[in-house]
Amino acid sequence: MGGLADVYEMLNRCNKCGFCHAACKSYKSNLGEPMVARGRVQLIKAVAEGNLEPDRDYEDAINSCLLCGECAIACPSGVKANELVMAARRDLKKKKGISGFAKRSGLKTLASPVRLGLAFKSLKTFRKLVLNNIKGLDNFRGIDIKGMPVNEKPFLKQIPEVSTIANPARRVALFTGCMINHTLDHTGHAIILVLNRNGCEVVVPKAQVCCGMPQYAYGDFEIAKVLAKKNIRLIAGLKVDAVITACATCGSMIKEEYPKLFADEPDYLPQVQEFCGKVSEFSRFLLDDLKVDVSQFKPILPVQVTYHDPCHLVRPQKITQQPRELLKSIPRLQYVEMKEADRCCGAAGMVQAFFPDESNDITRQKLKNIEDSGADIVVTSCPACLHRIQGALNLAGKHQKVVHLADMLAKAYGYPSPG
Amino acid sequence: MLAKTIVNRLERIVGDKNVITSKVALIAYGYDATLLAGMPVGVVFPANTEEVVELVKAANELDFTLVPRGAGTNLSGGALGDVNSTSVVVAFSRMKKIWEIDTENFLATIEPGYVNFEFQEELGKKGFYYPPDPASYKAATMGGNLGECSGGPRCFKYGVTRDYVLGLEVVLMNGKVIQTGGRNFKSECGLDLTRIFVGAEGTLGFITKITVRILPLPPAKRTMLAIFHKAEDASRTVADIVAAGIVPTTLEMMDGLMMIIAEDANNIGLPRDAGALLIIEVDGYAVDLDGQVSTISEICSKNNVREFKIARTAQEVDKIWLARRTAIGACGKRRPSYSMQDITVPRSVFPEAVSGIIQCASDLNLEIGILAHAGDGNFHPMVLFDQRLEDESHRVHAAEGILCQMALDLKGSITGEHGIGLLKKPFMDKQFSPVGLEVFRKIKRSFDPANRLNPGKIIDL
Amino acid sequence: MSNDAIAKLRAIVGEQHVIDAAPDMAGHLKGSGIPLAVVLPGQTSQVSDIVKLANQLNLKISVGGAVADTKNLDGGIALIMSRMNNLLEIDRENLVAHVEPGMSHLEFIRQAAAQNLNFPVDPYRFEASSIGGCFAVGDTDAKSFQYGPTRTYLLGFEMVLPTGEVLDIGNKCIKNVAGYDFIHFAVGSQGTLGIFTKLLVKLLPMPETKASVVATFPTIKQASESIQTLVKRNIHPTRVSLFSQPLAAGIVPGIADQLVMIGFEGFKESTKALTREIAAVFSLAGGGGVRVIEDRAEHDELWQKWQAAKGRLNCGYSTQTIDYSVGPLKLAKSLDGLAGIVGDLASWPGINVEALLGNIRVVLPAAMPEEDKAALAVKINALAMAHGGNVSDCLGARLVCESYRDTEMWETVTGLLETIRRQFDPQGIMAPGVIFS
């Protein structure tokens with residue numbers, strides 16, 4: 001049975017009741033049994049039992065999973081189909097390697113800070129020279145390649161290693177993640193401003209690398225471990241009280257998944273756990289640890305605001321109240337709850353590139369919910385969600401803006417909003 | 001392997017994208033919610049009635065069999081490919097349109113692939129609902145409900161699927177389309193053709209449109225929880241409630257073992273030493289409910305109820321229902337596999353059925369938790385096991401036979417909601433005489449003499 | 001040949017239970033056909049033997065509870081079930097009854113009521129209906145909105161099939177999906193699929209209370225609009241009936257206006273509130289003689305008269321009436337449309353409306369020629385279809401197909417019905433007067 005032996009217990013517990021049909025978002029858009037949690041589980045089980053040789057259709061089935069985790073909650077028997085999909089991808093990687101030149105390249109690029117920097121530079125150039133001069137070439141498979149912001153300079157190159165203040169009560173590290181680094185520098189600045197404002201000295205280690213989630217998600221534990229060890233070693237040397245993340249995906253990776261990544265290295269595990277113990281999501285840290293004084297928030301111009309729960313924040317990390325509480329504390333901000341706020345935005349990392357029909361259908365549903373809510377601003381805590389939703393809004397010609405929670409809070413502290 | 005000529009023909013009918021023959025698809029469409037399997041040789045996804053007609057013609061001309069499928073949550077093997085592996089599964093997931101929801105005239109017309117739960121949500125927006133809501137309603141389709149004549153917890157008061165179907169559009173196996181019934185109760189032509197399709201488990205014709213009765217949501221509802229020291233007390237309570245002339249909307253029972261299983265899994269505050277619990281609901285005009293609630297309360301007291309709660313808020317209602325809603329999941333957490341049985345007995349022998357199930361569990365050394373729609377004598381014994389253990393699986397199979405025989409000995413039925421499909425076929429000759437079985441064959445012959453539609457389900461020709 | 005047949009019949013049921021003298025037969029027959037004999041079986045085995053004999057000798061059989069239809073029955077057997085009229089069991093715990101088909105429908109209701117149980121289906125022909133006939137005809141009575149139609153109340157039966165075998169199917173369980181639903185399919189089959197010899201009937205607890213509201217209105221339009229108001233207000237009584245004056249006079253002698261009768265079977269508190277609300281609505285709408293009837297005896301007497309009136313209407317069903325349904329909230333408009341077709345409704349022999357079912361029955365003048373009836377039916381069907389409904393039953397099914405010029409569907413339906421009938425009755429001996437088209 002190979003690598004799937006570890007999860008066979010869980011595979012066996014699927015009773016095929018089909019209740020996951022109601023929760024699985026990829027099923028809602030595709031309506032095919034191989035694209036629903038139950039179907040994936042049964043196919044993985046067939047592979048585990050030697051009744052199915054992984055082929056292209058099998059790979060499509062398990063690679064089209066959004067890993068949004070809704071199935072895990074809905075399953076009455078506690079089968080976590082998302083975890084089984086991860087195990088299946090790991091198994092595939094070990095058996096056949098990562099298939100698809102585009103995917104392999106993408107993963108390689110994300111794993112290397114140098115290559116990633118070059119990739120974003122090339123995108124900027126390509127846009128200036130080609131895309132912006134051709135009408136109608138707005139999107140690649142539903143991804144707004146024209147509109148997605150790219151920083152002039154990576155954020156990590158814009159700021160000092162330590163942003164200090166007088167008499168800091170705490171010293172924290174900021175793990176930015178690739179997206180804030182390359183596309184949302186103002187968000188990075190906002191995070192530092194807010195933390196400084198609340199008594200934190202902020203260390204932003206310049207040598208930080210990709211959290212490893214993309215590689216991990218496609219079963220490449222080897223590269224993911226290399227990246228993880230780099231980050232862990234780097235931050236361990238900083239002697240900080242906490243490691244702050246403002247990207248839901250990175251946060252879920254470095255806090256929840258790193259221990260699983262190193263489950264087979266029991267000697268290294270204690271260091272991992274010490275690291276993970278310090279990781280804290282930005283909004284949770286502000287409210288629960290720093291207990292920020294929300295009366296310090298200044299009023300903003302009245303606007304209707306809603307919040308989109310990133311999959312990686314609501315389900316593995318279970319952080320939903322803190323962002324909302326912070327938003328509702330901003331004077332003159334009218335908070336409206338949208339329908340299915342925790343429904344996947346459709347990005348799911350590389351799924352949006354390889355399964356555009358599915359992703360676009362899911363994003364369309366998110367846009368509909370935003371429209372129905374009446375909100376003008378959508379706040380979220382994940383740069384990937386942010387770009388996905390904003391890109392879709394742009395392409396649909398809609399006016400709503402998607403803003404990171406940190407930027408919203410910076411505004412509430414009276415700092416000018418970015419351009 | 002599906003012949004190229006057939007694949008080509010299918011692709012011409014529904015489009016390339018909507019014919020799949022990959023190994024992955026055949027595996028995915030070769031199971032349902034039972035332990036049985038039956039791989040088809042192809043799967044097609046028609047978009048409308050016309051395509052279904054062409055599929056039937058193709059099946060007749062090129063001689064292959066067809067199996068209709070909704071969401072595949074079937075509990076009797078009804079949607080599996082036939083044993084000779086010549087079946088093309090006709091999946092209705094693309095046919096899920098709402099043709100109309102007419103609240104003024106208490107009806108709606110929908111396509112078979114529409115999920116029951118989504119239908120309820122849509123109706124809820126207009127203050128209406130569709131009473132038959134089986135436990136699987138979040139995934140199961142209206143077409144599937146029709147094929148099995150699904151029930152749900154509300155049956156005692158509100159009836160089952162057959163009571164709510166006003167008319168159908170059906171594609172017959174000769175390729176012709178008929179409308180049965182209509183938009184009111186008085187549209188059947190001669191014989192009640194609508195009724196023969198309900199519960200026919202997809203063996204008499206392809207349902208392509210369903211017109212159902214819908215009702216306004218009841219103005220008020222009251223939810224109660226009663227926990228008893230002994231299961232017999234709960235059974236007597238059910239009988240007494242009925243004798244008092246009350247027709248509750250819901251009368252769900254969980255036995256002591258089921259409560260332990262639920263409590264072990266989820267820590268919701270259920271006692272681990274009780275005999276049974278009842279969830280009782282009455283609905284209607286608010287002014288009529290107080291009287292019923294106090295009568296029920298008195299009856300429970302009379303029968304030595306150990307704990308009796310009346311929900312006062314929506315949260316309290318949810319809390320009462322939590323035990324029942326998490327019951328199946330609790331089984332899944334305790335042992336990897338569960339077999340959800342389905343038998344019915346007359347209400348008067350409810351206590352004997354409870355004892356019988358407990359006896360069966362003891363005799364076969366299996367854990368069987370009891371869930372029941374107590375008002376209609378419909379039991380869902382939950383047999384827990386691990387499907388990887390051959391010996392245990394054999395005992396589960398034996399339990400099925402014993403429980404069906406017990407139901408028949410108590411003058412009940414081998415299936416109340418899940419249907420015969422493949423699973424209960426071996427017991428058909430125990431519930432029906434040769435004359436009865438021949439009646440069923442006459443019906444099948446009338447509609448599908450060539451036996452190309454879902455052959456081998458319910459009965460063999 | 002016929003003497004031989006009569007002798008064999010006498011051997012099965014006994015001398016005195018085979019009647020072949022015309023004057024003695026007449027009381028058991030309706031219609032102008034002349035059967036070979038009237039036969040009164042006393043038990044299932046006799047019915048089975050009679051059917052087998054009929055197959056051997058190729059004799060047709062028409063069944064009745066007390067009276068059999070003789071259409072197309074010349075030389076056949078009129079099988080009268082009146083001797084098999086026992087109430088075998090009332091099972092209060094399971095809310096079911098086992099009854100033989102020949103028992104009077106009204107008597108069955110009374111016996112159930114004596115045990116505080118409710119058999120809600122109204123008799124098709126008042127005192128002439130048998131319980132077997134009730135399920136053989138399977139009418140959708142006026143209470144169907146609240147209680148469901150007739151088929152809801154059959155859980156099983158013993159039946160002699162057209163080839164003579166005895167079928168026993170069903171049980172006391174409310175939910176039973178084993179095999180095909182032949183149990184409910186047989187309701188309304190009018191004897192074509194077999195002869196009921198025992199019925200397992202579902203009962204309900206007696207409702208807490210019964211009450212009525214009556215009112216008269218000068219015009220049918222006013223009457224229908226006011227009852228439509230009730231439906232708009234989400235009030236769903238058990239029966240909501242409108243009778244035009246000629247029919248109303250059969251219920252309330254001397255009445256000069258249109259009669260509206262509202263019946264409630266339900267709970268005390270809500271019924272009290274609703275009857276008063278309805279009375280207020282009717283008064284405001286110009287109703288005369290608006291009364292709430294809470295006295296049980298008066299209520300029962302009123303609805304007995306109603307049942308008798310319905311029985312008279314049903315007697316003439318299909319030959320003297322045209323029956324159609326539209327949605328409950330389209331009633332008033334469709335009646336306007338009807339007046340557009342037939343002229344002043346008040347001048348017609350009778351209009352009966354069952355508002356919750358959206359059902360309207362028009363009584364035709366006795367002297368109306370068949371072609372005119374047929375032409376009128378086509379017009380009324382078009383009217384009904386314009387309001388989302390259709391003329392009832394087989395006639396309606398045919399008219400709908402014809403309105404779409406869909407001869408193919410009509411042929412398919414009738415072909416299918418014929419196929420089913422032949423499967424069960426290869427020699428075609430059962431219910432010769434029943435033609436599905």
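Predicted model: local features only at pLDDT ≥ 70, side-chain atom pairs only at ≥ 80, totals over all residues.
Where chain B meets chain A, the contact takes 28 residues from chain B and 24 residues from chain A. H2(B) gives the most, with five residues.

Looking at the chains as a set, two pairs touch, and the pair with the most contacts is chains B and C. Chains A and C, on the other hand, share no contact, and their closest C-alpha atoms lie 20 Å apart.

Chain A holds an open sheet of five strands, laid out in the order S3-S5-S4-S6-S7 with mixed pairing. Strand S3 (162-163) and strand S7 (279-281) of chain A sit at the edges with a single partner strand each, so each has one side left without a neighbour in the sheet. The partner of S3(A) is strand S5 (residues 200-203) of chain A, and the two pair in the antiparallel sense over two bridges. Within that pairing, A:Val162 has A:Val203 in S5(A) as its bridge partner. Helices also pack against these strands. Helix H11 (residues 185-197) of chain A lies across S3, strand S4 (170-175), S5 and strand S6 (242-245) of chain A, and runs at about 145° to S5(A). Helix H14 (residues 248-261) of chain A packs on the sheet too, touching S4, S6 and S7 of chain A, with its direction at about 150° to that of S7(A).

Chain B splits into domain 1 (4-91), domain 2 (98-216) and domain 3 (220-409). The C-alpha centres of domain 1 and domain 3 of chain B are 38 Å apart. Strand S12 (residues 220-228) of chain B is mostly covered, with seven of its nine residues buried. S12(B) runs antiparallel to strand S14 (residues 276-284) of chain B, joined by nine bridges, and here B:Phe228 stands opposite B:Ala276. S12(B) also pairs with strand S15 (residues 305-310) of chain B, again antiparallel, through five bridges. In that pairing, B:Ile227 has B:Glu307 as its bridge partner.

Chain C is likewise assigned domain 1 (2-80), domain 2 (87-205) and domain 3 (209-391). The C-alpha centres of domain 1 and domain 2 of chain C lie 24 Å apart, and their contact takes twelve residues from domain 1 and 16 residues from domain 2. On the domain 1 side, helix H3 (44-57) and strand S4 (61-64) of chain C each supply at least two residues, and H3(C) gives the most, with six. That side is made up of six nonpolar residues, five polar and one charged.

Finally, there is the nonpolar core. In soluble globular proteins, nonpolar side chains tend to be buried together. The largest nonpolar core in this model has 417 residues, and C:Val39 and C:Leu79 touch the most other members. Leaving aside residues up to four places away in sequence, C:Leu79 touches C:Val39, C:Pro41, C:Ile50, C:Ile61, C:Ser62, C:Val63, C:Ala68 and C:Ile195.

Notes. Residues numbered from 1 in each chain as written. Chains lettered and ligands numbered in written order. Domains from an automatic or database assignment. Core = buried A, V, L, I, M, F, W, Y, C linked by C-beta atoms within 7 Å. Buried ≥ 20, exposed ≤ 12 C-beta atoms within 10 Å, placed from the backbone. Contact = placed C-beta atoms within 7 Å. Helix = DSSP H or I, 4+ residues; strand = E, 2+ residues; numbered from the N terminus. Nonpolar A, V, L, I, M, F, W, Y, C, P; charged D, E, K, R; others polar. Pairing = 2+ DSSP bridges. Axes fitted to C-alpha atoms, helices over the stretch in contact; angles between N-to-C directions.
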